[in-house]
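Hi everyone, thanks for coming. Let me put the structure up, and then I'll walk you through a few spots I'd like you to look at.

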Amino acid sequence: MLKQNRRFGLIFTFLTISVLLLSSCANKKEVVYFQNTGGFETIVDKNSFTPKFKVDDLVSIHVSTLNAEASAPFNLFRGAVEGGIRPEQVDYLIDREGEIDFPVIGKIKVSGLSAEEVRTLLRDKLSEYLKDPIINIRLKNFTITVLGEVRRPGTYPVNGERITILEALGLAGDLTVKGVRENVMVIRDFDGTKVYTRVDLTRKEAMSSPVYYLTQNDVVYIEPNQSAITASSLDNRATIAVSIASILITSTILLITRTK
């Protein structure tokens, strides 16, 4: 009987380990990006993405001319010049109406416009006050968030005017083997309207997706594959599983004992 019990225990352990290994395996097709590209292939970027300003964006705008005194009224600064220390420039927060309150000029609608479009708009409005103004515009709160099955989920600041979904995943340490590459979700908010877009990173067509270039405050979510869900379920129910296994083993041993 002792040999039979040992044999049963070994078989049970083997089957349990086999199930766990099979459920956690990921084949090559599940983890490789852009699987339908050729050995040597040129892809022309036809994505004419241009970043646009949104409500709640924090925008830095600085106006300068050869005559510093003439352009001074069109720049906002916090504090005064003391001891040679330059005061801090004040940024503009785009309000719920998509506007900023610009010095002298007043309210200007900038939501939905690109930096170049805002620059052209301001240059036109400033033409009656300044000659050949130089206008520098920069988005100050450009961040993206990457969540789910990546190595370092979190919110990341972006330097520059745009970032691709691949660069965002690079910041987050790339997907784990348990992340679903065929169904990556990008959540985009524009003036209170949320748009959910799915993209398949295993196909080269992902580079033509409207969310290949991310905008400020986009959220990229990587869902777990079945092996991750199974592993999580097993972890959460470990105590129950052990209890059930113990009952089954005990019942089987008693059954074997009685039949002998």
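Let's start with a question: which ring does the charged end of Arg162 sit over? It's the ring of Tyr213, and the charged end is 4.2 Å from the ring's centre. Before I go on, please keep in mind that this is a predicted model.

Okay, stay with Tyr213. Aromatic pairs come to four here. One of them is Phe49 with Tyr213, and that pair is stacked, with 5.5 Å centre to centre and 10 degrees between the planes. Look at where the two partners come from: Phe49 is in the loop between α1 and β1, while Tyr213 is in strand β13, so the pair links distant parts of the chain, 164 residues apart. Both Phe49 and Tyr213 are buried.

Now another pair, Phe74 and Tyr129. This one is tilted, 5.5 Å centre to centre with 50 degrees between the planes. Phe74 lies in the loop between α2 and β2, and Tyr129 in the loop between α3 and β7, so the pair ties together parts 55 residues apart in sequence. Are these two buried or exposed? Phe74 counts as buried, because its relative accessibility is 3%. Tyr129 is at 41%, so that one counts as partly exposed.

Last stop, the inside. There's one cavity of 30 Å³ or more, and the largest cavity has about 30 Å³ of space. Its lining is Phe53, Val59, Ile61, Ile94, Ile100, Val110 and Val118. That makes seven nonpolar residues, with no polar and no charged ones.

How values were computed. Residues numbered from 1 in each chain as written. Predicted model: local features only at pLDDT ≥ 70, side-chain atom pairs only at ≥ 80, totals over all residues. Heavy atoms only, no water. 1 Å grid on protein atoms, 1.4 Å probe; cavity = no way out; pocket = protein on both sides within 12 Å on 5 of 7 lines; lining within 4 Å. Points joined across faces, edges and corners; volume = space filled by probe spheres on them. Nonpolar A, V, L, I, M, F, W, Y, C, P; charged D, E, K, R; others polar. Phe/Tyr/Trp six-rings, centres within 6.5 Å; stacked < 30°, edge-to-face > 60°. Helix = DSSP H or I, 4+ residues; strand = E, 2+ residues; numbered from the N terminus. Buried < 20%, exposed > 50% of the residue type's maximum accessible area, 1.4 Å probe, protein only. Lys NZ or Arg CZ within 6 Å of the ring centre and 35° of its normal.
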